[in-house]
Amino acid sequence: MSRDTDRRAFLKASVLIPSAAALGSSAALGQPGPPADDAARSAPAPAFPADDHYQPAFFTPAEWAFVRAACARLIPTDANGPGALEAGVPQFIDRQMGTPYGDAANWYMSGPFHEGAAEFGYQSALTPKQQYRLGIRAIDAWCAKTLNKAFADLMAAQQDDVLKKAEVGQIHADDVSLKTFFTSFLLKNVMEGFFGDPMYGGNRDMAGWKLIGHPGSRGDFAEFVDRPQRYAYGPVDLYGRRG
Amino acid sequence: MAARNRPVDVVIVGFGWTGAIMAIELAKAGISVLALERGADQDTVPDWAYPKVLDEVAQSARNGLLQNLSKTTVTLRHDKADLALPYRQIGSFKPGTGVGGAGIHWSGVHSRATPEELRLKSHVTQRYGAKFIPEGMQVQDWGVSYDELEPHFDRFEQVCGTSGKAGNLQGVKQAEGNPFEGPRSREYPLPPLKDPPTSVIFAKAARELGFHPFSLPASNASRPYRNPYGCDLGPCNFCGFCSDYGCINYSKASPQTTILPALKAMPNFSYRTHAHVLRINTSADGKTATGVTYVDAQGREVEQPASLVILAAFHLHNVRLMLSSKIGKPYDPETGEGVIGRNFCYQLISSVNTFFDSQTYINQFMGAGGVGQAIEDFNADNFDHGPLGFIGGGVMWGRQTGNGPVRGIPLPEGAPKWGSGWKQAVKDNYLHTGRIEAQMSNMAYRGAFLDLDPTYRDAYGEPLLRMTLDWQDNDLRMSEFFNEKLKATARTMGATSFSGRMLKRGDHWDTRAYQSTHINGGTSMGTDPRTSAVNKYLQSWDVPNLFVLGANVFAHGIGANPTGTVGALAYWAAANIRSTYLRDPGPMVRA
């Protein structure tokens, strides 16, 4: 599948699905068809949504396939609009690996390292970059051994099952805690990317903010704070674009 | 060989709230004042200009304004028999860095300690008898009275442009204010902020339950304001980016918005950034501070001589500098002797998310750090502890501090954490969720203390401060008492469901999840050098030309937020240094 095809699929996903939901009627799209909710529900998830020609700087092709596939399951495209893949979250995560965060630059990373009670938090020597490298390798190795395929090549339901197993600590690896990788890195970063400002590469078209009614960086509610009603305006991002 | 700077009259370690207060008050006396700040310089423009700072990834997820833990951190354990582990990532508490310190990213809740808390041991003994204090609890009187501090509480509120409504003006109770507060000499400088939905619903429920809600005092300006230093604040617009963020609007009181414009104009004041103080230097007999040694931006050690040394860094750095400079006797939990590290306390927070139906708009993205309705019916000794059998109390509130989705979207119990079910849940709940909390005092105990870690070191080769702390039976029984109040309030508020973290017996201090930066104690103030590190004027008992500021001088935990008391104590110390110490340097209290 070429990236141009990806691009077209993305445009289709980002324009048609939210419009149908927002306008409340498929007639508004100029097409006859079922009522909006049904249209949204029956809209097929784009097969290969685009990442805008983005080339990962940190992830290898195999890792990139994992990250994209995992994003598509953690926040799927569905009746409620675009998911993490369409919103560019893989790009967010890849770009974050190139920031000081990727190397845990602001964490205390001197030894000795000991496991402690959960209340004492992260006690591993692994940086976020290393978590992804080892975590993805371990999950893909488990999938290859158990299901004869890489994670990205599994059916969606199988992928969900693998992610659930990682989440509750049912997949073990020698060199990384997959429970920690899943909860404290993969899922955490996916949420950051989906809801963080679009300038970081995720939350494309402010999809995350539109989903929940968050106004982004409008930052002025003096006239609204004492009114218990729906806020009247859409989101604005840090570049001043309106969503 | 360390380079040696020209001597100054006063060197101040740390340039946050207390450093700025002390700097301007002492500079007004005409002496030379130098502040040393380990972090960078920063100001509203350009650092917190709109829209740049309204960035949840940079500020909340990546802790843009907080201490870089790779340089220095602390180690943590629950009990002195345990191995302490490093605080590797920001979690339970959030030390700041840079000019303004934690005064930049705080929320703005601006309360006072109660009169009873400042003399808790005497008060409890009088009302309930000495036997009421459980074995191992080390409550004590602070040595300073509420009446002595009142002009300084007032001063700090006037500087901050605090928004609120008095509940007790010179002994006369005022409608709609906090009826339990100590007497105030005058009204707050600004009226209360507008109430967001969470606060309106909380206050209504609290009234129905017979409690006495009032507008939580907030150093988020409700109107344009010019403070006594001539610094201007603009009205808060409830942008929802307070805690973790610098203020876009000159509305949240910070050293930058309320003190530094006036201070920087004074010719006898100067400050240096990227100056990380390693130790306080003392004379051969250990009884006089001769200045400090710091590491500069290029990594060189520099000696700064001074006649007067003020420790004004954040809590944990002040305590560590006392320990690493070997000033005062370190606390020994085995014998109960020694004072540096003694009575280390925190606070407890039980937090309940309240979920409402789709017609009830809370709009949690709007708000201000300090805005809210609160009750102090169960703070301090405002209620009869006799039948309850615990000491301490707390504040309950329905605040709306402003929350965005990167900071975490609370969901009802049982909601999925990812997938389409999660997506539906965040869509359904984000605009309809509020939060109520109980913030409770943590008493001082023989086994909760600070010392130097034997294993872990910081980027400068110095041992890390080691925290030994856990919740004790007294505090957890108090929390269980509050949990019932929280549940009753959530039900009365009409929440369709509620869930959260409510501390109960068997729970331990969880250092992962943020609760507050209200750690305190460790260099207690007091009347007895055997149980306190500094006297009532915050002067070191051992080194009279050293004064120690910050919440580390609290004798034990309090129910309210600490900043109002920390600022008042800094003004109190400054006033007494000017009126007494500068005229006659030496011990201000004879031990």
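Which are the buried residues of helix 4 of chain A? The legends below answer this and describe other parts of a predicted model, in which local features need pLDDT of at least 70, side-chain atom pairs count only at pLDDT 80 or more, and totals for chains, interfaces and linings use all residues. Residues are numbered from 1 along each chain as its sequence is written, while chains are lettered from A and ligands numbered from 1 in the order in which they are written.

**Figure 1. Helix 4 of chain A is mostly covered.** Val89(A), Pro90(A), Gln91(A), Phe92(A), Ile93(A), Asp94(A) and Gln96(A) are the buried residues of this helix. They amount to 7 of the 9 residues in the stretch 89–97. A residue is buried if 20 or more other C-beta atoms lie within 10 Å of its own, exposed if 12 or fewer, and partly exposed in between, with C-beta atoms placed from the backbone. The buried residues of helix 4 pack against helix 3 (61–74) and helix 7 of chain A. Helices (H or I, at least four residues) and strands (E, at least two) are DSSP runs, numbered from the N terminus.

**Figure 2. Helix 6 and helix 7 of chain A cross at roughly 105°.** The axes of helix 6 (residues 156–167) and helix 7 (residues 178–195) come within 7 Å. Axes are lines fitted to C-alpha atoms, for helices over the stretch in contact, and angles run from 0 to 180 degrees between N-to-C directions. Leu163(A), Ala166(A) and Glu167(A) of helix 6 make the contact with Leu178(A), Lys179(A), Phe182(A) and Thr183(A) of helix 7. Two residues are in contact if their C-beta atoms, placed from the backbone, lie within 7 Å.

**Figure 3. Helix 6 and helix 13 of chain B pack at an angle of about 115°.** The axes of helix 6 (residues 146–160) and helix 13 (residues 563–581) are 8 Å apart. From helix 6 of chain B come Leu149(B), His152(B), Phe153(B), Arg155(B) and Phe156(B). They meet Gly564(B), Gly567(B), Ala568(B), Tyr571(B), Trp572(B) and Ala575(B) in helix 13 of chain B.

**Figure 4. Chain B touches chain A with 54 residues.** Chain A gives 46 residues to the contact. On the side of chain B, the elements that give two or more residues are helix 3 (56–61), strand 5 (85–86), helix 11 (419–429) and strand 20 (449–457). Helix 11 of chain B gives the most, with 6 residues.

Figure 5. Pro112(A) is in the loop between helix 4 and helix 5 (128–147) of chain A, whereas Pro46(B) lies in helix 2 (residues 44–47) of chain B.

**Figure 6. Asn148(A) and Ala380(B) have a positive phi.** Most residues other than glycine have a negative phi. Asn148(A), with phi of about 60°, lies in the loop between helix 5 and helix 6 of chain A. Asn148(A) counts as exposed because it has 9 C-beta neighbours inside 10 Å. Ala380(B), with phi near 45°, is in the loop between strand 17 (372–375) and strand 18 (394–399) of chain B. Ala380(B) counts as buried because it has 26 such neighbours inside 10 Å.
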